[in-house]
Amino acid sequence: MLTLRKIERAFEFGREKNYVLRGVNLDIEEGEFVTIMGPSGAGKSTLLHILGLHDNAWVGEYYFFDQAAHKLKPKDRAELRNKNIGFVFQSYHLLDQLTVQENLEVPLSYRNYGRAEREQLVRETLDRFQLTDKKHLYPSKLSGGLQQLIGVARAMIARPKLILADEPTGNLHSAQAKEIMEMFCKLNEQGTTIIQVTHSEINAGYSRRIVNIHDGNVVGEDH
Amino acid sequence: MIGQDLRYGVRMLAKHPSFTLVALLTLTLGIGATTAIFSVVNAVLLRPLPYPEAERLVYIGQQFRSGIAGSGEPKFLFWREQSQSFEAMACYSNFGGASGNLAGGSEAEFVSGCRVTEEFFRVFGVTPALGRTFTKEEDTPGGATVAILSDKLWHRSFGANKDILGQTVLLNDQPVTVVGVMPAGFRFSSNSDLFIPMKARLGAHSNPNAEVVGRLKAGVTIEQAQAELTGIAEKYRTAFPQQMQVGETIGVKPYQEMFTQGVARMLWVLLGAVGFLLLIACANVANLQLARAAARQREIAVRMALGAGNGRIVRQLLTEGILLALIGGVLGMLLAVWGTEMLVALLPDGMLPDVVAVGVDWHVLLFVLCASLATGILFGLAPVWQAKQVDVNTALKENATKGGSVRGRLRGALVVTEIALSLVLLIGAGLLIRTFSYLVSVAPGFDPNNVLTFQVALRGERYDTTQEAAAFYRDALDRIRVVPGVENAAVINRLPLDWQFNMPVVFPSSPDQFNSVQFRIVTPDYFRVMKIPVQQGRTFTSADDVAAPPVALVNEAFVQRYFPKQDIIAQQLSVGGVKRDPMRQIVGVVGNIKQQSLDRPAPPMVFIPIPQVSDQLLATVNTFTPGYFTVRTTVEPMSLLATMKKEIAAVDSRLALSRVATMKDIASRSVATQRFNMSLLGLFAGLGVLLAAVGIYGVMSYAVSERTQEIGIRLALGANTRDVLRLVLRQGMTLTGIGVAVGLLAAFGLTRLMQGFLFGVSASNPLTFIVVTIFLILIALVACLVPARRATNVDPLVALRYE
Ligand SMILES: Nc1ncnc2c1ncn2[C@@H]1O[C@H](COP(=O)(O)OP(=O)(O)OP(=O)(O)O)[C@@H](O)[C@H]1O
Ligand SMILES: [Mg+2]
């Protein structure tokens with residue numbers, strides 16, 4: 001599904017170039033549940049952003065199925081991303097001034113969905129994540145676990161093939177984290193490819209493959 | 001400590017140049033413009049006249065149901081004799097021979113004089129700088145011919161020579177002895193060069209061409225004086241029944257109102273406009289401070305965490321606020337001084353009464369300064385009262401979203417206010433611009449290009465008879481016509497667009513019914529000089545002289561009014577009744593000519609050839625409106641002025657030219673008030689919009705920085721550049737929309753107050769409202785676009801990094 005070859009990413013400080021990723025090679029098959037691990041500052045988030053096609057400042061080769069993402073114009077990359085990828089963030093990043101239901105609708109509003117279709121998707125998703133009775137509440141009123149559940153629901157709603165999650169349980173206690181991980185497993189069983197970054201061995205245990213990053217390189221894999 | 005605060009304050013201002021610049025701009029414009037216009041308004045409307053105990057001065061006049069009017073000299077004598085309420089009462093008039101050609105000074109010149117009664121100077125509480133005022137004997141018929149000079153004339157024509165007292169000068173060929181000179185500071189409603197005694201006679205016919213002014217006795221109220229005068233009016237009616245009209249009585253009002261009634265309404269509108277501008281400026285300052293407060297929330301939280309007490313932080317913020325305010329205040333003051341001068345220079349002639357001197361009003365300046373300073377300081381302290389609510393820890397960790405949204409709403413409300421106020425200003429200005437452009441597009445009925453005009457007053461014994469005057473005009477015109485660059489020349493007693501001169505006209509069918517029409521005496525070529533079209537019949541020729549059958553010309557408005565269906569050429573009229581003027585054959589009809597102003601319909605008009613005017617009628621005409629020469633040129637009209645002086649002097653060296661102007665100037669002067677109103681309100685509207693644009697720009701910039709993270713999230717969730725642009729613009733345009741809605745409502749209500757200044761456009765003219773609204777929305781859009789574009793550059797990587 002994903003093929004990365006010699007991916008390099010550097011941040012510039014004045015005249016200095018600071019390489020965060022140096023020649024990363026990585027292959028991920030459709031339907032996998034992958035955990036990326038590594039010490040702080042290793043470049044995990046940076047890699048995830050590249051996978052998520054947010055970042056445009058890298059060099060190397062990146063194939064998404066048969067599409068060469070590195071050759072796409074920013075606009076086409078955005079389209080590729082909107083069609084295929086959903087995101088879950090560590091601090092949820094729900095929009096505080098919107099209700100649960102409205103938060104779920106945000107990704108749909110940036111894609112070509114008709115009104116009726118949007119409403120139906122929102123209804124289905126609320127149902128599926130058992131959030132229907134909370135749909136008119138504002139996120140800040142909810143527990144962290146629930147908020148992240150909404151985050152996952154939001155990442156899912158536009159039916160992406162791939163979900164990227166950067167420390168999705170970093171702000172949650174273990175019971176809540178467990179729920180999220182179980183949700184990931186469920187989604188994965190239903191066919192969604194999942195790549196998560198985590199520091200927790202327990203969370204990593206839910207996935208079927210672990211990629212270790214150290215100093216900008218993939219240094220080993222556990223299956 | 002203070003020194004340290006100050007140093008830190010300067011550094012803060014220097015480190016945020018755009019904030020400092022915008023804040024200073026706002027303060028300067030707000031303080032400067034507000035003070036300048038308020039100084040003018042204050043001088044005219046609010047400040048007492050520059051006379052001792054001016055509040056005791058009252059204007060007294062014939063009171064009709066339609067309003068108060070001037071009065072006659074004999075009536076005045078009766079009023080003065082009968083009344084007890086006044087310490088002194090005086091009458092003055094610009095008519096009746098006080099103006100004219102003055103000889104005896106450095107050169108022959110035209111002076112405008114004022115005939116006054118003996119107590120005139122006592123009423124105003126002035127004493128002459130040199131010599132004395134008039135005695136009772138001098139102010140009675142047959143008394144000595146004496147004069148008091150104005151300081152200006154004394155300097156201009158007599159080199160401020162103190163020996164002038166007791167000397168004789170020639171006024172319209174009459175010897176007059178100078179008995180006094182007024183002090184330099186004495187100003188008076190009409191711009192008079194000299195004063196002569198009125199010598200009024202009781203029981204004479206009472207022409208209402210004089211004004212009466214009184215000084216109330218101490219402790220007497222206007223109401224008491226009014227009650228007494230109402231009784232006196234009835235006594236006069238009994239004594240001279242034929243001189244009192246039905247419903248006529250005597251009215252009293254504060255003398256100050258005489259000066260303000262013409263301009264008061266517009267000045268109040270301008271004052272309102274300037275109030276709006278001040279509000280906009282204050283809203284802007286508040287907005288800026290709130291924005292900065294938000295930006296400094298963290299800094300202040302840190303300082304508090306490090307142990308700074310509230311007092312310490314308040315002092316720091318105050319120092320900065322006051323520093324800013326002081327710089328803005330000084331710049332504003334400079335603008336106020338300069339702006340007041342500009343305004344006074346811009347004022348059309350006659351709009352501001354001569355009696356008031358306008359300077360920057362320091363009270364006003366202080367008030368405006370305090371208003372904007374208070375706003376700035378009050379809102380500058382926002383971070384302090386916010387810091388009290390938000391606990392230090394959360395403020396340090398994250399931006400205080402809760403306080404932020406309250407503040408956001410406040411800032412939004414301020415912007416809505418600014419937009420609404422500036423829309424009202426803009427619509428007001430738009431209506432005046434439409435009025436003005438409509439006005440200048442009105443055809444005056446003549447061709448004002450390349451016409452030189454000047455007045456020559458024929459006064460004194462040499463021009464007692466019509467034939468003497470006609471001979472002078474003939475000789476002068478013959479000389480002028482052959483001057484190179486002159487195409488043609490003529491004489492008329494009143495120019496177009498230069499007020500009016502009425503006479504009663506009667507028709508043979510009803511010889512007792514007087515019809516008041518505009519009356520002109522002319523030489524034959526007048527219509528050719530002014531290029532006034534002849535619609536029917538003929539104009540005058542040199543054959544229409546005293547020996548020929550009496551003739552008259554009328555204009556279209558005259559035909560419309562009096563003979564809409566008959567053959568006009570068959571009709572006759574007489575000016576002032578057959579006892580004074582023969583029945584005249586109407587021989588032609590000319591086009592309408594705008595007389596009072598471009599926005600009023602052309603009045604009915606009658607023209608008579610000068611040689612056919614009776615001596616008595618000519619004397620009357622000359623008293624009020626001495627003849628004007630009109631000269632059509634093929635060259636720049638003013639370039640011929642020196643030649644004109646020479647040619648007039650060649651015929652009679654004792655005559656002076658006055659009121660020199662091109663017809664074009666006169667036309668332009670006739671719309672000077674409208675131009676002034678338009679420019680001023682336009683200026684305010686422009687400033688208002690500028691400030692409002694700055695305001696909305698500030699709010700949106702701040703909103704964008706506040707929403708950076710949200711924008712990052714939305715980008716991560718699939719939003720593209722256009723979505724982000726739309727997001728920010730929607731926020732800005734929502735504020736704009738609310739502001740516009742409020743502004744439109746307010747404008748519908750407020751522009752009605754302007755109805756009287758509008759012409760050719762209604763106070764709720766839809767086109768103006770629409771165009772102006774679109775204009776303001778576009779401005780707001782541009783102001784939002786800059787921060788919106790910045791929003792599209794948000795990098796989700798950066799925005800989402802701080803987890
Ligand atoms: N926008 C940026 N500008 C400059 N440097 C950056 C930027 N983003 C990341 N870096 C640097 O790149 C390096 C890798 O950062 P990254 O966020 O990918 O690490 P990480 O593995 O996710 O660490 P953590 O476990 O702490 O989240 C760090 O040294 C960081 O300082
Ligand atoms: Mg990270």
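These legends go with close-up views of a predicted model. Local features need pLDDT of at least 70 and side-chain atom pairs count only at pLDDT 80 or more, while totals for chains, interfaces and linings use all residues. Residues are numbered from 1 along each chain as its sequence is written, chains are lettered from A and ligands numbered from 1 in the order written, and side-chain values use heavy atoms, leaving out hydrogens and water.

**View 1. Where chain B meets chain A.** Chain A puts in 19 residues and chain B 14, counting contact as heavy atoms within 4.5 Å. Together they bury about 1600 Å², 60% of it on carbon and sulfur atoms; that's the accessible area (1.4 Å probe) lost on being put together, summed over both parts. Five residue pairs make polar contact across the interface, both residues at pLDDT 80 or more. Polar contact here is a pair of N or O atoms within 3.5 Å; within protein, one must be able to donate a hydrogen and the other to accept it, and residues adjacent in sequence count only if both atoms are side-chain atoms.

**View 2. Ligand 1 and its neighbours.** Ligand 1 has 14 residues around it, with A:S40, A:G41, A:K44, A:S45 and A:T46 the closest; a residue qualifies if one of its heavy atoms lies within 4 Å. The surrounding residues come from chains A and B, so the two chains share this site.

How values were computed: Buried area is the accessible area (1.4 Å probe) that two parts lose on being put together, summed over both.
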